[in-house]
Amino acid sequence: MTQRISKYQRFKMMNPILQFFKFIYLSIKIMIVVAGGHGGTRKVD
Amino acid sequence: MSKIVVLGAGISGHVAASHLRRKLSKEHEVVVVSPNSNYQWIPSNIWVGIGRMKSKQVLFPLAPLYKKKGITYKQAKAITFHPEGDAKESKPYVLSEYVFGDKKGTTEKITYDYLINATGPKLNFEATEGLIPGENKVYSVCTYGHAEHAWEGLNAVIQKLKSGEKAKILIGTGHGKATCQGAAFEYILNVEQELRRHDVRDNAEITWISNEYHLGDFGMDGMLMSYHGMTMKSSEMVEMIFEDRGIKWILGAGVNKIEDGIAHYENLDGEFKNETYDFAMLIPAFSGHGFKAYDKNNNDITEKLFKGFMIVDADYSSKPYEEWTVQDWPETYQNPNYKNIFAPGIAFAPPHAISQPRQSKNGTAISPSPPRTGMPSGITAKLVADNIIDSIKSGKESLHHKGSLGNMGAACIASAGYGMTQGSGVSITTYPIVPDYKKYPKTQGRQLGKTFGEIGLAGHWLKLALHYAFIYKAKMRPFWWLIPE
Ligand SMILES: Cc1cc2nc3c(=O)[nH]c(=O)nc-3n(C[C@H](O)[C@H](O)[C@H](O)COP(=O)(O)OP(=O)(O)OC[C@H]3O[C@@H](n4cnc5c(N)ncnc54)[C@H](O)[C@@H]3O)c2cc1C
């Protein structure tokens with residue numbers, strides 16, 4: 001096992017308070033990507 | 001009055017049926033034909049496969065819901081397609097065979113005005129000799145039944161490890177052309193975390209085996225993504241996670257035969273090798289269901305409807321990887337020969353792969369087939385339903401709703417371990433799903449910012465929140481339609 005994720009990084013990844021804000025941030029960011037819409041690619045006009 | 005028949009009640013079939021029913025008045029009939037009496041939220045099968053969720057938490061019976069909502073449900077499987085009817089039946093129909101109840105074994109010509117083929121993939125275990133879920137110590141998590149079985153197998157290994165024995169665990173793809181690497185990726189990380197939870201991690205060797213050329217290819221040609229303000233390749237991110245978790249990997253492997261505890265594979269160098277294991281979970285190849293189609297004179301017209309999966313408005317002309325474009329990908333999922341037939345979700349035939357195709361020195365194809373995950377399956381089903389609704393309401397064909405995988409984003413929240421405080425998830429979004437190398441030439445075909453990755457506890461909460469939200473939506477509870485696909 002090689003420690004590729006530092007202890008500090010892991011602390012940030014697993015800290016419930018920090019991760020709560022991350023949860024809100026990710027939810028919004030994902031909504032933007034997902035609700036950002038979709039469409040065709042073969043526009044001829 | 002129109003009759004819309006939906007084949008399949010997976011993510012895409014159920015999404016299409018529920019939107020059709022909500023938006024069409026009761027004079028129009030919505031019929032769902034599906035052999036499985038339950039709706040299953042497949043993404044959570046990963047947690048069933050590690051014993052952290054029970055099957056009943058990921059499924060619910062369809063019949064009571066459909067009865068309540070005014071959707072006709074036939075627990076049957078489609079067998080043959082007759083888009084022109086036949087000598088006796090003037091309307092187009094699908095010959096279907098009931099699989100349950102009094103009518104079990106009997107067939108019915110189910111006529112339609114519009115047909116949505118949402119039958120997803122056939123889990124083609126037969127394509128790999130010896131790859132039989134639950135036999136030869138190899139398992140699958142592709143259905144809740146398989147996942148339950150996988151947990152039994154994994155639990156037996158955990159007990160063995162607890163008694164001090166060593167064990168080898170192999171997880172990945174079970175065929176040179178398999179797809180759905182993301183599901184296997186989730187499973188390997190969940191298994192690894194469970195072994196740590198049971199304090200037996202040190203006794204186990206865990207190996208990833210995959211037909212991908214690079215780690216993190218996921219059948220999507222890999223990704224260049226934003227990660228903590230840096231630009232990172234998905235291969236680097238997955239390598240970081242695997243190394244950190246002590247997971248080994250074998251890439252470019254086309255598994256071709258399974259014996260009890262031995263996976264045989266060919267690699268891109270043309271070498272034939274094998275890997276032993278005590279527990280394996282390998283995703284099988286996905287294929288079409290092998291449906292046949294006939295015209296009104298009973299002539300075989302299968303090639304007008306199927307190319308393995310169903311033919312839609314894609315560009316199927318064969319061209320080299322360098323000439324692939326996003327324009328090859330379908331926009332409306334309409335069959336070009338029979339305009340009242342559509343195929344969203346996994347049921348449509350993709351024009352080609354997304355990942356660069358590769359062959360071994362012996363000419364064996366070893367590279368991922370294109371994945372079609374839950375979100376695009378839901379989005380394509382909804383746009384098909386919307387076009388049918390518009391066509392019915394306006395009395396003429398309407399194809400305003402479009403959604404190419406080359407102009408659509410997707411979120412993939414890969415579980416990396418279960419637990420409210422110890423869980424983890426790798427949250428990845430990608431835009432577009434199919435890389436547009438012309439539009440985004442410097443960032444591997446994707447828009448940075450909209451293509452990003454995150455690792456941490458929030459990912460687990462997100463995946464769990466999605467589990468509850470999508471089951472709520474599928475149960476068509478109040479305001480279900482506000483939850484996006
Ligand atoms: C283990 C696993 C984990 C996954 N995790 C994720 C994830 O985290 N996120 C994500 O976005 N995607 C995920 N996916 C992918 C996702 O599950 C699929 O994209 C999605 O299920 C495809 O939906 P579908 O409706 O096209 O096909 P399916 O869900 O396969 O549905 C097909 C339906 O057709 C029915 N059917 C089959 N044969 C017939 C017939 N002859 N006649 C009538 N009906 C028939 C079946 O019973 C079923 O109801 C995962 C997949 C797996 C296997």
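These legends describe close-up views of a predicted model. Local features need pLDDT of at least 70 and side-chain atom pairs count only at pLDDT 80 or more, while totals for chains, interfaces and linings use all residues. Residues are numbered from 1 along each chain as its sequence is written, chains are lettered from A in the order in which they are written, and side-chain values use heavy atoms, with hydrogens and water left out.

**View 1. The shell around the ligand.** The ligand is surrounded by 33 residues (a heavy atom within 4 Å). The closest are S12(B), A78(B), R372(B), G374(B) and K463(B). Helix α9(B) supplies the largest share, three residues.

**View 2. Polar contacts of the ligand.** Contacts here are pairs of N or O atoms within 3.5 Å. A polar side-chain atom of K463(B) is 2.7 Å from a ligand oxygen, and a polar backbone atom of A9(B) is 3.1 Å from an oxygen atom of the ligand. A backbone N or O atom of G8(B) lies 3.5 Å from a ligand nitrogen.

**View 3. A salt bridge between chains.** E454(B) pairs with K22(A), with the closest N and O atoms 3.2 Å apart (salt bridge: a side-chain nitrogen of Lys or Arg within 4 Å of a carboxyl oxygen of Asp or Glu). The pair links strand β28 of chain B to helix α2 of chain A. E454(B) is buried at 8% relative accessible area, whereas K22(A) is partly exposed at 23% (buried, under 20%; exposed, over 50%; partly exposed, in between; 1.4 Å probe, protein chains only).

View 4. R196(B) and E192(B) meet at 2.8 Å, N to O. Because they are four residues apart in this helix, about one helical turn separates R196(B) and E192(B). R196(B) is partly exposed at 39%, and E192(B) is buried at 1%.

Note on methods
Polar contact = N/O pair within 3.5 Å; in protein donor to acceptor, adjacent residues only side chain to side chain. Helix = DSSP H or I, 4+ residues; strand = E, 2+ residues; numbered from the N terminus.
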